[in-house]
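This note is intended for a colleague who is meeting the structure for the first time. Please read the numbered points alongside the sequence and the model.

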Amino acid sequence: MLARNLMTTVAAVATALSLGGGVLAQDTPTVTIIAHENPGDAELFERIEAGMAEAGTPVNIELVGLPSSGYADALSLRLLSGEIPDIIYFQGADAEFANQGILEDLGPWIEQSSYIKDAMWPHNEARMENYPYLLYIFPARTKSAVMRSDWLEQSGLEAPTNLDEWTAFLTEMSQSDFDGNGEQDTFGILAPDNTAELDAIFNQSFGVSATWLEDGSGEWIHSRVSDAERDKLAYYQMLYADGILDPEYVTSNWEVKEDKFYSGRVAVIMGTAGPVVEIYRTKMAEANPGADLALLAPPDGLEAVNVAKEDRGYAIHAMSENKEAAFAVLDFLASPEGQFIDRMGVEGEHYTRDGDTFEVLPAMGGWYPRFWTVDPGYWTPPVDLLSDVAQGSLEQGAEYFVADNAFVWPADLAADVDAAEQYYRTSVFRFVSGEWSMDQWDQYVEGWYAAGGQAMTDHARTVLQ
Amino acid sequence: MSLDEKQLASTVSNFGNVPKSAKRVPWRIAFGLKLRAWWPYYAMMTPGIIYFLVFHYFPIYQAKLAFEDFRIFGDNLFVGFKHFDTLFDSPAFFQVLANTLIISAMKMVFVFPVPIFIALFINEVRSTNLRRFIQSAIYLPHFLSWVVIAGIFIAALSPSSGVVNDIGQALGFAPRSFMTESGSIRWVVVFSEMWRTAGWDSLLYFAAIMAIDPQLYDAAEMDGANRWQKIVHVTLPGITPTIATLFILNVGLFMNAGFDQIFNLSNDAIRDQIDIIDTYVYRIGLQSGQFSLATAAGLFKGVIGMVLIVAAHTISKRLTGKGVW
């Protein structure tokens with residue numbers, strides 16, 4: 001009898017708890033996020049949940065993690081299964097999902113937001129106008145040229161400010177032995193895989209001011225078949241021939257680039273402004289104690305920034321039942337409280353706090369914001385999180401910001417765009433390496449139009465009026 | 001179970017096979033008897049059958065995506081041959097197809113025979129320790145990923161610091177950039193494939209050589225055959241069925257020119273020389289999100305592969321009487 005009463009009591013308590021738990025669970029929506037899997041994510045999401053609860057918008061956040069390596073491909077396959085989380089972090093291949101109406105138009109949500117609308121950078125606003133499905137509140141991913149500051153001092157030269165000075169400077173770098181190993185084995189500059197990183201700082205010097213340029217007759221032509229591009233490639237050809245540009249750039253990936261930079265085999269490299277430049281600085285100091293980085297200004301400004309759409313960022317599933325909660329998470333992360341959590345890392349591990357005084361710890365070098373780095377006019381951290389050189393690279397990006405006129409290609413042109421891109425990339429190496437002389441330019445232009453460029457140009461002329 | 005069935009089952013287990021009389025019993029009983037007699041083999045086959053069903057046969061049904069516009073939710077839209085038209089109109093596709101055929105043909109001609117020579121060579125090594133050392137050394141690359149192998153080849157073939165060019169320069173040759181020259185990159189692909197697979201693939205031929213009746217060698221020796229003659233007249237004919245079977249299977253995989261290998265060895269300088277259908281499908285399908293177009297390219301490749309294997313099988317049957325089915 002006693003046992004039966006005891007069991008009845010336990011069952012009643014369990015039922016009451018489960019019902020109560022159900023009610024609580026209904027009050028707190030669960031938002032699923034698919035993104036990179038990083039160490040420390042669980043703790044970060046706990047702190048975000050706590051912060052949101054304190055702000056009066058409690059949510060449960062469930063991370064569906066994917067490895068960073070091959071993330072874009074793995075994400076596509078995961079979403080194709082039809083199991084789509086509330087918030088999706090894309091690193092490409094989002095357009096097909098947007099075309100199918102899977103992604104929510106974030107425009108109206110941003111309009112009504114408490115924080116995001118004020119936290120965005122100007123390029124974010126332009127991109128959301130053109131493609132309102134993907135949001136990434138970060139500084140434009142411009143590239144900055146950096147080198148060892150002690151080498152700059154040893155050279156006795158001023159940091160270059162125009163193209164002629166850049167050429168002379170890089171020549172000097174490639175003909176000196178600043179690493180002191182007794183050999184002239186240092187190249188002036190290295191861009192891994194292709195010339196994209198060189199373009200970031202040299203495009204404007206040759207008039208490659210946008211993706212689409214108007215020719216003499218007022219017609220739009222792709223910059224890749226313009227006279228400006230020809231002049232730029234002739235310049236690269238000279239850098240290659242004179243041993244200023246590392247001749248093995250095309251077989252070098254970013255790891256090789258970094259290795260050559262830290263070991264003194266190349267003087268100047270380009271890195272994404274802000275956190276990446278900070279990483280280069282940290283690694284350079286580790287490899288060469290006492291060494292610091294100097295930021296170099298581009299000769300005539302940075303390449304135009306694509307504002308057609310974000311190239312990565314967060315989207316909300318259009319058919320999510322928790323859209324409101326999902327957007328609340330993104331909006332909270334743009335709030336001062338959310339920014340503090342996301343950008344400062346963990347107290348005691350990444351920073352210390354004594355009243356209003358903060359001190360950044362060395363481990364901060366391994367921390368980066370998972371969500372937003374908002375416009376500093378809207379919110380600035382209580383302590384400098386980046387070194388002067390990294391902060392300077394961000395300011396350089398803002399100073400030279402120019403909006404590009406590229407646009408999103410329709411799916412029907414995917415094969416043409418791919419073919420033209422491959423043709424261009426292969427041709428660029430052949431020009432730069434001297435395998436093709438610049439006299440073959442007209443032949444190249446003809447080949448580019450035949451390799452899908454004509455279809456691209458025809459379409460562009462209907463878009464760019 | 002009736003007495004007759006018990007007797008039948010006993011016969012089956014005694015002789016290890018289903019007797020002809022089983023054909024006269026109902027198929028359910030015959031199947032049950034076969035299952036009882038051969039269950040360990042069926043059990044061993046099951047994972048393989050499941051693998052092929054899940055990863056090779058069920059996906060055939062999804063190849064219909066090549067004829068549809070893909071929708072994540074709702075029914076796909078049937079568009080007929082639209083994606084094939086796009087594919088064949090693509091300026092890059094025929095270059096990619098040509099690269100696939102050329103690279104596969106080069107591998108067939110220059111890589112396929114190498115494991116046979118290696119197996120014959122290893123069989124002639126009399127020192128057991130030396131043979132084991134050689135086998136271990138040549139099997140090793142099989143266990144390396146293409147990422148690692150590509151790194152090794154890029155470093156070894158570097159014109160400034162690579163060991164190959166260092167040796168070449170010591171012999172009086174000018175340094176060459178093998179990884180960026182149109183004329184050399186396909187040979188790099190072939191050689192790296194050979195380096196990675198030839199040792200491991202020689203295992204099958206070596207096993208086939210081990211299965212040759214030693215009396216044949218004794219008889220050949222009695223007839224005065226030297227080692228070369230024993231290779232030509234005993235060993236090679238002994239492994240001919242294995243060579244024929246593997247050749248036909250390789251023909252079936254002719255269009256698989258090696259995604260991982262090409263992806264890792266590729267760079268902007270030579271992509272037009274080694275871009276194959278698989279890398280094209282990866283770019284168009286996964287990176288650009290054009291799943292239907294990529295499926296059309298993949299299906300096209302699969303159909304060519306099927307035609308090739310049927311043709312190779314038929315020719316082999318007519319010429320040698322041996323095939324794969």
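1. The model is predicted. Along its principal axes, the C-alpha trace of chain A spans about 100 × 55 × 40 Å. The secondary structure of chain A comprises 18 helices and twelve strands.

2. Burial and contacts. Chain A has 465 residues, of which 52% are buried. When contacts in chain A between residues at least 6 apart in sequence are considered, 74% of them join residues at least 24 apart.

3. Chain A carries 76 negative side chains and 25 positive ones. The centres of these two sets lie 4 Å apart.

4. A negative patch. Which residues gather in a patch of negative charge on the surface? In chain A, they are A:Asp292, A:Asp384, A:Asp388 and A:Glu395. One of them, A:Asp388, lies in helix H16, which covers residues 388–399 of chain A. A:Asp388 counts as exposed because its relative accessibility is 71%, and the cut-off for that class is over 50%.

5. Salt bridges overall. Side chains of opposite charge can pair when their charged atoms come close. Over all chains, the count comes to 31 salt bridges.

6. A pair with partly exposed partners. B:Arg176 and B:Glu181 form a salt bridge in which the closest N and O atoms are 2.6 Å apart. B:Arg176 is partly exposed, with a relative accessible area of 38%. B:Glu181 also counts as partly exposed, at 26% relative accessibility.

7. A pair with a buried aspartate. A salt bridge joins the side chains of B:Arg271 and B:Asp268, with an N to O distance of 2.6 Å. Is B:Asp268 buried or exposed? At 7% relative accessibility, B:Asp268 counts as buried, since the class requires a value under 20%.

8. In the salt bridge between B:Asp275 and B:Arg283, the closest N and O atoms are 2.8 Å apart. B:Asp275 is buried, with a relative accessible area of 7%, and B:Arg283 is buried as well, at 11%. In chain A, salt bridges that share partners link A:Lys143, A:Glu197 and A:Lys257 into one network.

Technical notes. Residues numbered from 1 in each chain as written. Chains lettered and ligands numbered in written order. Predicted model: local features only at pLDDT ≥ 70, side-chain atom pairs only at ≥ 80, totals over all residues. Heavy atoms only, no water. Patch = residues over 30% accessible without salt bridge, like charges linked within 9 Å, V, L, I, M, F, W, Y side chains within 5 Å. Areas by Shrake-Rupley, 256 points an atom, 1.4 Å probe, with all protein chains shown as cover. Salt bridge = Lys/Arg side-chain N within 4 Å of Asp/Glu carboxyl O. Lys, Arg positive; Asp, Glu negative; His and termini not counted. Charge placed at Lys NZ, Arg CZ, Asp CG, Glu CD. Helix = DSSP H or I, 4+ residues; strand = E, 2+ residues; numbered from the N terminus. Buried < 20%, exposed > 50% of the residue type's maximum accessible area, 1.4 Å probe, protein only. Contact = heavy atoms within 4.5 Å.
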